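These are my notebook entries on one chain. I set down what I looked up, in the order in which I looked.

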Amino acid sequence: MKSKAMVVKAPGRMELETFELKKTPDDHVLVKTNVTSVCSTDIKVLKGNTPVGQYPVIMGHEIAGEVVELGKKAHHLYDFKPHDKITIEPYIACGKCEHSRSKHYYHYCNHGGIYGISLACDKPPHLYGGYSEYFYLKPGSLVHRQNKNMADSAASISSVVANGVRWIKTLGQVTFGESVVISGPGSQGLCSLAAALHSGANPVIVLGKNGDEKRLELAKEFGAHHVINVDQQNPVTTVLELIPEGADVVVETSGTSEGIQAAIQIVRRVGRIVNIGISGGVETPIKFDDLVWKSVSIINGLGQAGNVDDAMKLIDTGKFPFEKINNFTYRLEDLAKAIEDTEKRPKGFIKGAIVF
Ligand SMILES: [Zn+2]
(Lines give C-alpha, C1' and ligand atoms only; values in the text may rest on other atoms or scores of the structure.)
Protein backbone atom coordinates (compact mmCIF):
# COMPACT_ATOMS: atom_id res chain seq x y z
CA MET A 1 0.00 0.00 0.00
CA LYS A 2 1.16 3.55 -0.75
CA SER A 3 0.25 7.02 0.45
CA LYS A 4 0.59 10.25 -1.47
CA ALA A 5 1.45 13.20 0.77
CA MET A 6 2.39 16.84 0.37
CA VAL A 7 5.72 17.38 2.09
CA VAL A 8 7.13 20.75 3.13
CA LYS A 9 10.80 19.85 2.56
CA ALA A 10 11.99 23.18 4.00
CA PRO A 11 10.24 26.50 4.63
CA GLY A 12 8.71 27.69 1.34
CA ARG A 13 9.26 24.41 -0.55
CA MET A 14 6.41 21.90 -0.83
CA GLU A 15 6.37 18.75 -3.00
CA LEU A 16 4.10 15.79 -3.59
CA GLU A 17 5.74 12.53 -2.45
CA THR A 18 4.69 8.91 -2.30
CA PHE A 19 5.41 6.86 0.82
CA GLU A 20 5.38 3.08 1.01
CA LEU A 21 3.23 1.88 3.92
CA LYS A 22 5.17 -0.74 5.84
CA LYS A 23 3.92 -2.74 8.81
CA THR A 24 2.01 -0.53 11.28
CA PRO A 25 4.22 0.00 14.37
CA ASP A 26 2.90 -1.93 17.40
CA ASP A 27 1.83 1.17 19.32
CA HIS A 28 0.49 3.10 16.29
CA VAL A 29 -2.81 3.16 14.41
CA LEU A 30 -3.10 3.53 10.63
CA VAL A 31 -5.87 5.91 9.56
CA LYS A 32 -7.20 6.74 6.09
CA THR A 33 -7.73 10.49 5.75
CA ASN A 34 -11.19 11.68 4.68
CA VAL A 35 -11.01 15.47 5.11
CA THR A 36 -8.27 17.80 6.35
CA SER A 37 -9.22 21.44 6.89
CA VAL A 38 -6.75 24.16 6.07
CA CYS A 39 -5.82 26.34 9.05
CA SER A 40 -4.16 29.75 8.92
CA THR A 41 -1.38 28.18 11.01
CA ASP A 42 -0.47 26.18 7.88
CA ILE A 43 0.58 29.47 6.22
CA LYS A 44 3.06 30.05 9.06
CA VAL A 45 4.37 26.49 8.97
CA LEU A 46 4.81 26.62 5.19
CA LYS A 47 6.73 29.90 5.42
CA GLY A 48 8.80 28.87 8.44
CA ASN A 49 7.18 31.51 10.66
CA THR A 50 6.58 29.33 13.70
CA PRO A 51 9.13 28.45 16.38
CA VAL A 52 7.74 24.91 16.80
CA GLY A 53 7.83 23.89 13.12
CA GLN A 54 10.09 20.91 12.29
CA TYR A 55 11.10 20.08 8.70
CA PRO A 56 10.56 18.16 6.54
CA VAL A 57 6.93 17.98 7.60
CA ILE A 58 3.58 16.81 6.30
CA MET A 59 1.26 19.59 7.45
CA GLY A 60 -2.42 19.30 8.33
CA HIS A 61 -3.79 19.07 11.88
CA GLU A 62 -7.58 19.40 11.47
CA ILE A 63 -8.34 15.87 10.39
CA ALA A 64 -11.24 13.45 10.04
CA GLY A 65 -10.48 9.90 8.97
CA GLU A 66 -11.29 6.23 9.16
CA VAL A 67 -9.34 3.63 11.15
CA VAL A 68 -7.65 1.07 8.90
CA GLU A 69 -5.48 -1.00 11.23
CA LEU A 70 -4.34 -0.99 14.85
CA GLY A 71 -0.80 -2.01 15.73
CA LYS A 72 -0.40 -5.12 17.90
CA LYS A 73 -0.27 -3.17 21.16
CA ALA A 74 -2.52 -0.29 20.10
CA HIS A 75 -5.58 -2.41 20.94
CA HIS A 76 -4.78 -1.66 24.57
CA LEU A 77 -4.57 2.10 23.93
CA TYR A 78 -7.85 2.76 22.11
CA ASP A 79 -11.33 1.30 22.21
CA PHE A 80 -12.04 1.61 18.50
CA LYS A 81 -11.73 -0.85 15.63
CA PRO A 82 -11.13 -0.77 11.87
CA HIS A 83 -13.72 1.24 9.89
CA ASP A 84 -14.57 3.46 12.88
CA LYS A 85 -14.51 7.13 11.92
CA ILE A 86 -12.48 9.45 14.12
CA THR A 87 -11.12 12.95 14.49
CA ILE A 88 -7.96 13.84 16.37
CA GLU A 89 -6.70 16.69 18.52
CA PRO A 90 -3.53 18.35 17.19
CA TYR A 91 -1.66 18.17 20.51
CA ILE A 92 -0.05 15.07 21.90
CA ALA A 93 0.74 15.61 25.59
CA CYS A 94 3.43 13.62 27.39
CA GLY A 95 1.09 12.57 30.20
CA LYS A 96 3.78 13.15 32.83
CA CYS A 97 4.43 16.88 33.28
CA GLU A 98 2.14 19.15 35.29
CA HIS A 99 0.63 20.86 32.23
CA SER A 100 -0.07 17.65 30.42
CA ARG A 101 -2.00 16.28 33.41
CA SER A 102 -4.24 19.38 33.62
CA LYS A 103 -7.72 19.27 32.11
CA HIS A 104 -7.56 22.50 30.13
CA TYR A 105 -3.88 23.42 29.67
CA TYR A 106 -2.16 20.33 28.30
CA HIS A 107 -1.31 22.27 25.14
CA TYR A 108 1.50 23.84 27.18
CA CYS A 109 3.29 20.48 27.43
CA ASN A 110 6.63 20.81 25.62
CA HIS A 111 7.42 17.11 25.46
CA GLY A 112 4.76 15.67 23.15
CA GLY A 113 4.21 17.08 19.69
CA ILE A 114 1.72 18.67 17.34
CA TYR A 115 0.45 16.83 14.29
CA GLY A 116 1.31 18.57 11.04
CA ILE A 117 3.64 21.07 12.72
CA SER A 118 6.31 19.69 15.06
CA LEU A 119 6.39 16.01 14.00
CA ALA A 120 8.91 15.76 11.17
CA CYS A 121 8.43 13.14 8.45
CA ASP A 122 12.05 12.19 7.78
CA LYS A 123 11.96 9.04 9.94
CA PRO A 124 9.62 6.01 9.72
CA PRO A 125 6.70 5.76 9.87
CA HIS A 126 6.79 9.29 8.39
CA LEU A 127 3.05 10.06 8.23
CA TYR A 128 2.07 12.42 11.06
CA GLY A 129 0.07 15.03 9.14
CA GLY A 130 -3.31 15.32 7.48
CA TYR A 131 -2.17 16.31 3.98
CA SER A 132 -1.58 12.66 3.23
CA GLU A 133 -3.88 9.88 2.07
CA TYR A 134 -3.02 7.92 5.23
CA PHE A 135 -1.57 8.97 8.56
CA TYR A 136 -0.51 7.31 11.84
CA LEU A 137 -1.70 7.95 15.37
CA LYS A 138 1.19 8.15 17.80
CA PRO A 139 0.81 6.92 21.39
CA GLY A 140 -0.72 9.62 23.57
CA SER A 141 -2.96 10.95 20.79
CA LEU A 142 -6.33 12.32 21.82
CA VAL A 143 -8.87 10.74 19.53
CA HIS A 144 -12.63 11.27 19.31
CA ARG A 145 -15.14 9.01 17.66
CA GLN A 146 -17.23 10.51 14.86
CA ASN A 147 -20.86 9.46 15.00
CA LYS A 148 -22.50 8.08 11.86
CA ASN A 149 -24.53 11.15 11.04
CA MET A 150 -21.70 13.65 11.46
CA ALA A 151 -20.36 15.07 8.18
CA ASP A 152 -16.61 14.50 7.62
CA SER A 153 -16.24 18.21 6.93
CA ALA A 154 -17.70 19.07 10.35
CA ALA A 155 -15.67 16.36 12.13
CA SER A 156 -12.45 17.70 10.61
CA ILE A 157 -12.93 21.04 12.39
CA SER A 158 -13.61 19.45 15.80
CA SER A 159 -10.74 21.48 17.29
CA VAL A 160 -12.05 24.72 15.82
CA VAL A 161 -15.52 24.05 17.22
CA ALA A 162 -13.76 23.25 20.50
CA ASN A 163 -12.06 26.67 20.41
CA GLY A 164 -15.52 28.24 20.31
CA VAL A 165 -16.60 26.05 23.23
CA ARG A 166 -13.49 27.08 25.17
CA TRP A 167 -13.95 30.79 24.63
CA ILE A 168 -17.66 30.78 25.43
CA LYS A 169 -17.82 28.14 28.17
CA THR A 170 -14.38 27.65 29.76
CA LEU A 171 -13.01 31.20 29.51
CA GLY A 172 -16.16 33.32 29.02
CA GLN A 173 -18.37 31.28 31.40
CA VAL A 174 -21.39 32.40 29.40
CA THR A 175 -24.71 31.44 30.97
CA PHE A 176 -28.34 31.37 29.87
CA GLY A 177 -29.75 34.76 28.94
CA GLU A 178 -26.46 36.66 28.79
CA SER A 179 -25.70 38.92 25.84
CA VAL A 180 -22.65 38.08 23.72
CA VAL A 181 -20.85 40.05 21.00
CA ILE A 182 -18.43 38.15 18.77
CA SER A 183 -15.95 40.28 16.86
CA GLY A 184 -14.73 38.48 13.72
CA PRO A 185 -16.96 36.09 11.72
CA GLY A 186 -14.29 33.63 10.53
CA SER A 187 -14.47 29.95 11.39
CA GLN A 188 -13.41 30.68 14.99
CA GLY A 189 -16.10 33.35 15.36
CA LEU A 190 -18.76 31.12 13.80
CA CYS A 191 -17.91 28.28 16.19
CA SER A 192 -18.02 30.71 19.13
CA LEU A 193 -21.43 31.80 17.86
CA ALA A 194 -22.74 28.22 17.89
CA ALA A 195 -21.39 27.66 21.41
CA ALA A 196 -22.94 30.93 22.62
CA LEU A 197 -26.36 30.13 21.12
CA HIS A 198 -26.23 26.61 22.54
CA SER A 199 -25.47 28.09 25.98
CA GLY A 200 -28.71 30.07 25.76
CA ALA A 201 -27.05 33.45 25.23
CA ASN A 202 -29.44 36.09 23.90
CA PRO A 203 -28.89 38.24 22.01
CA VAL A 204 -25.76 37.11 20.20
CA ILE A 205 -24.33 39.73 17.85
CA VAL A 206 -21.58 39.09 15.27
CA LEU A 207 -19.32 41.86 13.93
CA GLY A 208 -17.62 41.66 10.53
CA LYS A 209 -16.14 43.88 7.84
CA ASN A 210 -16.42 44.47 4.10
CA GLY A 211 -15.46 41.19 2.45
CA ASP A 212 -17.09 39.17 5.26
CA GLU A 213 -20.50 39.11 3.55
CA LYS A 214 -20.54 35.33 3.07
CA ARG A 215 -19.38 34.76 6.64
CA LEU A 216 -22.03 37.09 8.06
CA GLU A 217 -24.64 35.34 5.90
CA LEU A 218 -23.61 32.01 7.44
CA ALA A 219 -23.67 33.63 10.90
CA LYS A 220 -27.35 34.48 10.26
CA GLU A 221 -27.94 30.90 9.18
CA PHE A 222 -26.34 29.67 12.42
CA GLY A 223 -28.88 31.80 14.25
CA ALA A 224 -27.08 35.05 15.12
CA HIS A 225 -29.68 37.54 16.37
CA HIS A 226 -27.88 40.44 14.67
CA VAL A 227 -24.90 40.84 12.35
CA ILE A 228 -23.13 44.18 11.92
CA ASN A 229 -20.72 45.27 9.19
CA VAL A 230 -18.40 47.61 11.11
CA ASP A 231 -17.24 49.25 7.85
CA GLN A 232 -20.82 50.43 7.32
CA GLN A 233 -22.11 50.91 10.87
CA ASN A 234 -20.28 52.08 13.99
CA PRO A 235 -20.02 48.91 16.08
CA VAL A 236 -20.10 50.68 19.44
CA THR A 237 -23.19 52.82 18.87
CA THR A 238 -25.00 50.06 16.95
CA VAL A 239 -24.42 47.46 19.68
CA LEU A 240 -25.39 49.92 22.42
CA GLU A 241 -28.63 50.69 20.58
CA LEU A 242 -29.44 46.97 20.65
CA ILE A 243 -28.26 46.37 24.25
CA PRO A 244 -28.05 49.76 26.02
CA GLU A 245 -26.35 48.37 29.16
CA GLY A 246 -23.62 46.77 27.03
CA ALA A 247 -22.73 43.15 26.39
CA ASP A 248 -22.13 40.69 29.22
CA VAL A 249 -19.36 39.04 27.19
CA VAL A 250 -17.36 40.18 24.16
CA VAL A 251 -15.30 37.58 22.30
CA GLU A 252 -12.54 39.46 20.44
CA THR A 253 -11.06 37.25 17.71
CA SER A 254 -9.77 39.98 15.38
CA GLY A 255 -6.61 40.85 17.32
CA THR A 256 -6.73 44.42 16.01
CA SER A 257 -6.32 47.54 18.15
CA GLU A 258 -9.70 48.86 16.97
CA GLY A 259 -11.30 45.55 17.87
CA ILE A 260 -9.92 45.54 21.41
CA GLN A 261 -10.74 49.21 21.98
CA ALA A 262 -14.29 48.74 20.69
CA ALA A 263 -14.70 45.68 22.95
CA ILE A 264 -13.87 47.80 26.01
CA GLN A 265 -16.59 50.26 25.02
CA ILE A 266 -19.13 47.58 24.11
CA VAL A 267 -18.80 45.45 27.26
CA ARG A 268 -21.12 46.22 30.17
CA ARG A 269 -20.09 47.02 33.74
CA VAL A 270 -18.73 43.88 35.44
CA GLY A 271 -18.57 42.26 31.99
CA ARG A 272 -15.93 39.99 30.50
CA ILE A 273 -13.83 40.31 27.37
CA VAL A 274 -12.42 37.05 26.02
CA ASN A 275 -9.41 38.11 23.97
CA ILE A 276 -7.95 35.46 21.69
CA GLY A 277 -6.87 37.41 18.59
CA ILE A 278 -3.20 37.59 17.64
CA SER A 279 -1.97 40.94 16.32
CA GLY A 280 1.50 39.83 15.27
CA GLY A 281 3.11 42.11 17.86
CA VAL A 282 1.08 45.29 17.35
CA GLU A 283 0.74 47.29 20.57
CA THR A 284 -2.73 48.47 21.58
CA PRO A 285 -3.07 51.58 23.74
CA ILE A 286 -5.65 50.89 26.47
CA LYS A 287 -7.06 53.28 29.08
CA PHE A 288 -6.95 51.03 32.10
CA ASP A 289 -9.16 53.59 33.92
CA ASP A 290 -12.03 52.43 31.71
CA LEU A 291 -11.46 48.85 32.84
CA VAL A 292 -11.33 49.89 36.50
CA TRP A 293 -14.40 52.14 36.42
CA LYS A 294 -16.42 49.41 34.71
CA SER A 295 -14.87 46.49 36.66
CA VAL A 296 -14.13 44.75 33.37
CA SER A 297 -12.14 41.50 33.19
CA ILE A 298 -10.08 40.70 30.12
CA ILE A 299 -9.48 36.97 29.87
CA ASN A 300 -6.72 36.04 27.42
CA GLY A 301 -5.75 32.67 26.14
CA LEU A 302 -5.12 30.06 23.53
CA GLY A 303 -7.45 27.70 21.75
CA GLN A 304 -8.86 24.42 22.91
CA ALA A 305 -7.52 21.86 25.33
CA GLY A 306 -10.06 19.56 26.94
CA ASN A 307 -12.95 20.99 24.91
CA VAL A 308 -13.35 18.55 22.02
CA ASP A 309 -15.78 16.21 23.83
CA ASP A 310 -18.16 19.15 24.23
CA ALA A 311 -17.50 20.20 20.63
CA MET A 312 -18.47 16.75 19.32
CA LYS A 313 -21.70 16.93 21.32
CA LEU A 314 -22.35 20.40 19.93
CA ILE A 315 -21.87 19.19 16.34
CA ASP A 316 -24.03 16.12 17.10
CA THR A 317 -26.99 18.30 18.10
CA GLY A 318 -27.43 18.96 14.37
CA LYS A 319 -28.58 22.48 15.26
CA PHE A 320 -25.77 24.26 13.41
CA PRO A 321 -24.51 23.85 9.81
CA PHE A 322 -20.83 23.35 10.70
CA GLU A 323 -20.29 21.44 7.44
CA LYS A 324 -20.84 24.72 5.55
CA ILE A 325 -17.77 26.38 7.13
CA ASN A 326 -15.43 24.52 4.75
CA ASN A 327 -17.01 26.10 1.66
CA PHE A 328 -13.92 25.84 -0.60
CA THR A 329 -12.66 22.30 -1.24
CA TYR A 330 -9.52 21.11 -3.03
CA ARG A 331 -7.66 17.97 -4.06
CA LEU A 332 -4.43 17.10 -2.23
CA GLU A 333 -2.41 18.12 -5.30
CA ASP A 334 -3.89 21.64 -5.04
CA LEU A 335 -2.80 22.26 -1.44
CA ALA A 336 -0.62 25.24 -2.44
CA LYS A 337 -3.70 26.92 -3.95
CA ALA A 338 -5.76 26.09 -0.83
CA ILE A 339 -3.16 27.74 1.39
CA GLU A 340 -2.93 30.75 -0.93
CA ASP A 341 -6.72 31.16 -0.76
CA THR A 342 -6.58 30.89 3.05
CA GLU A 343 -4.15 33.80 3.05
CA LYS A 344 -5.74 35.96 0.33
CA ARG A 345 -9.41 35.05 0.93
CA PRO A 346 -11.03 35.18 -2.54
CA LYS A 347 -14.63 36.43 -2.71
CA GLY A 348 -16.99 34.27 -0.66
CA PHE A 349 -14.19 32.27 1.00
CA ILE A 350 -14.87 31.08 4.56
CA LYS A 351 -12.49 28.15 5.06
CA GLY A 352 -10.83 25.60 2.80
CA ALA A 353 -10.44 21.85 3.09
CA ILE A 354 -8.66 19.03 1.28
CA VAL A 355 -11.16 16.29 0.47
CA PHE A 356 -9.72 12.82 -0.23
ZN1 LIG B 1 4.82 17.25 29.15
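**Entry 1: Two cis prolines**

I began with P56, which lies in the loop between α1 (40-47) and β4 (62-70). I noted that the model is a predicted one. The peptide bond that joins Y55 and P56 is cis, with omega of about 0°. I then looked up P125, which is in the loop between β7 (113-114) and β8 (134-137). A cis peptide bond joins P124 and P125, and omega there is about 5°.

**Entry 2: The chain as a whole**

I recorded 10 helices and 17 strands for the chain. The radius of gyration is 20 Å, close to the 21 Å that the globule rule gives for 356 residues, so the chain is as compact as a globular protein of that length. Along the principal axes, the C-alpha atoms fill a box of roughly 65 × 40 × 40 Å. I found that 50% of the 356 residues are buried. Of the contacts between residues at least 6 apart in sequence, 69% join residues at least 24 apart.

**Entry 3: Domains and core**

I noted that the chain is divided into domain 1 (2-157 + 325-355) and domain 2 (161-300). The contact between them takes seven residues from domain 1 and eight residues from domain 2. The centres of the two domains, taken over C-alpha atoms, are 30 Å apart.

I next examined the largest nonpolar core, which has 107 residues. This core draws at least three residues from each of domain 1 and domain 2. I58, V161, V180, L193 and A196 have the most contacts inside the core.

**Entry 4: Helix α3**

Helix α3 (residues 158-171) has 14 residues and reaches 18 Å from its first C-alpha to its last, close to the 20 Å expected. I found a bend of about 30° at V165. Is α3 largely enclosed or open? I counted 13 of its 14 residues as buried, so α3 is largely enclosed by the rest of the structure. Just after α3, Q173 takes a positive phi of about 45°.

**Entry 5: Positive phi elsewhere**

V270 is not a glycine, yet it has a positive phi of about 60°. V270 lies in strand β14 (residues 267-275), and it counts as exposed because it has 11 C-beta neighbours inside 10 Å. S295 lies in the loop between α8 (288-294) and β15 (297-300), and its phi is near 55°. S295 has 10 C-beta neighbours inside 10 Å, so I recorded it as exposed.

Key
Residues numbered from 1 in each chain as written. Predicted model: local features only at pLDDT ≥ 70, side-chain atom pairs only at ≥ 80, totals over all residues. Core = buried A, V, L, I, M, F, W, Y, C linked by C-beta atoms within 7 Å. Buried ≥ 20, exposed ≤ 12 C-beta atoms within 10 Å, placed from the backbone. Domains from an automatic or database assignment. Helix = DSSP H or I, 4+ residues; strand = E, 2+ residues; numbered from the N terminus. Expected span 1.5 Å × (residues − 1). Bend = angle between axes of the 7 residues up to and from the residue. Rg over C-alpha atoms; globule rule 2.2 N^0.38 Å. Contact = placed C-beta atoms within 7 Å.
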